[in-house]
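Good morning. I will go through one structure, starting with the overall form of one chain and ending with its contacts.

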Amino acid sequence: MPLNFRVELVWQGSDGGEASSIFLTSDGRVILQGRGISANEREALKLPRDADLISVDRNLIRAIKDML
Amino acid sequence: MFLRNYWYVAALDEEVRDRPLGRMILGEPVVLFRSGDGALHAFEDRCPHRQLPLSMGKLVGDVLQCHYHGLRFDGSGQCVRVPGQDHIPQNARVRTYPVVERYRWIWIWMGDPAQADPEQICDFHWLTDPDWGAKPSYLHVEANWQLIVDNLLDLTHLAFVHETTIGNMALVEHAAVKVQRSPNGVLVTRWTIDQPAPPTFVKVGKFTGNVDRWQIIDYAPPAFLRLDVGATPTGTGAPEGRRVGGIGMRNLNAITPETEATSHYFWAQAHDFEPHNADMTERVFQQIKTAFLEDVAVFTAQQRMISLRPDAPQVDINADAGGMQARRIVDRLYREEQEATAAHATAAV
């Protein structure tokens with residue numbers, strides 16, 4: 001797929017800590033960078049088995065509130 | 001909306017020589033002048049007698065003389081002579097502003113003088129660095145200062161407004177843009193890889209094939225934008241930090257609000273290739289100036305529409321990401337400045 005216009009947003013706090021990235025794509029999607037949830041975690045935390053779940057750091061929540 | 005407790009550029013150094021310069025800054029009339037010893041001064045541009053702008057007056061040695069009745073003011077703003085009388089009224093003095101000369105620009109502090117620390121002046125060392133050729137200039141713009149900030153943080157407009165100079169469609173169709181927001185700054189990084197060089201780059205860089213091009217925009221509030229731009233022949237390693245065989249430039253911008261609808265636009269172009277070649281400095285400058293005048297036409301037309309209907313809705317697109325982050329920082333700083341001013345006033349009661 002050819003690269004079109006794509007924006008990556010990165011939030012940095014006053015302590016210098018960065019959030020993981022937010023990507024705005026040319027087809028209108030907002031893609032968040034996070035970590036996939038394993039089957040073991042789903043089982044242990046009683047999370048949905050089939051949904052696409054990711055774990056994100058709290059700085060990313062700040063980033064979403066501040067930047068979007 | 002103006003942020004007051006910041007250094008702003010008030011003038012090019014060459015604008016303030018042997019006569020007073022009147023300039024409206026953040027909605028306040030200011031007169032800039034040098035006294036006989038070369039020291040810089042900035043006063044409110046208003047004689048306390050009958051309010052004629054002091055910029056209409058003249059310098060007499062170290063003092064500024066009003067054009068109307070000849071009252072004279074020393075560098076501290078104190079009236080030191082009233083023609084025809086010995087008594088000088090106690091309140092015959094003008095407000096002064098802190099000023100500093102740096103980077104071939106004259107900087108002014110419009111806020112609380114007690115907070116004016118020259119160490120806070122934004123770094124524009126490229127203007128005086130011997131390793132760089134540079135030429136500064138000034139444009140008066142009939143538009144709000146934030147429209148200029150928006151413009152500089154969104155470089156997709158280059159493809160349309162500047163298609164004959166510094167833009168091409170590669171900037172829109174094949175670009176990955178990174179917007180990093182820190183508490184008091186925005187950094188927009190854009191690389192376009194293995195794409196044709198824009199016309200200006202071909203002229204000054206003599207590129208014959210595709211290039212890897214970078215545009216790194218560093219925003220600091222209220223309105224300072226330093227653009228690190230350049231290109232190298234594609235595949236030679238610039239994205240990995242190896243900038244060889246190409247050209248590098250700094251586009252330097254300091255925007256000072258004049259009023260809510262007009263701005264002083266101080267800008268400069270610096271280049272790292274043939275830095276001591278004045279002809280090259282002039283060629284680079286003229287190329288970029290052409291583009292800047294195209295921008296000014298856009299700002300002016302935007303402001304005309306905004307003034308006609310200030311509440312007209314605006315649609316945001318992905319390319320606005322950098323400008324929107326800058327506006328959020330300014331909004332927050334303005335709120336904080338207003339709160340601090342209110343708290344200070346309350347404490348003083």
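**Chain A and its partner**

A compact globule of 68 residues would have a radius of gyration near 11 Å, but for chain A the value is 14 Å. That radius is taken over C-alpha atoms, and the globule rule is 2.2 Å times the number of residues to the power 0.38. Along its principal axes, the C-alpha trace of chain A spans about 40 × 35 × 15 Å.

Before going on: this is a predicted model, where local features need pLDDT of at least 70, side-chain atom pairs count only at pLDDT 80 or more, and totals for chains, interfaces and linings use all residues. Residues are numbered from 1 along each chain as its sequence is written, chains are lettered from A and ligands numbered from 1 in the order in which they are written, and side-chain values use heavy atoms, with hydrogens and water left out.

Now the elements. Chain A has two helices and five strands, in the order β-β-β-β-α-β-α along the sequence. These are DSSP runs, numbered from the N terminus: helices are H or I with at least four residues, strands E with at least two.

How much of chain A is buried? Buried residues make up 28% of its 68 residues, where buried means under 20% relative accessible area (1.4 Å probe, protein chains only).

Last, the partner. In contact with 19 residues of chain A are 20 residues of chain B, contact meaning heavy atoms within 4.5 Å. In chain B, the most area is lost to chain A by B:Val177, B:Arg181 and B:Asn318, together 32% of what that side buries. Buried area is the accessible area (1.4 Å probe) that two parts lose on being put together, summed over both.

Conventions. Buried < 20%, exposed > 50% of the residue type's maximum accessible area, 1.4 Å probe, protein only.
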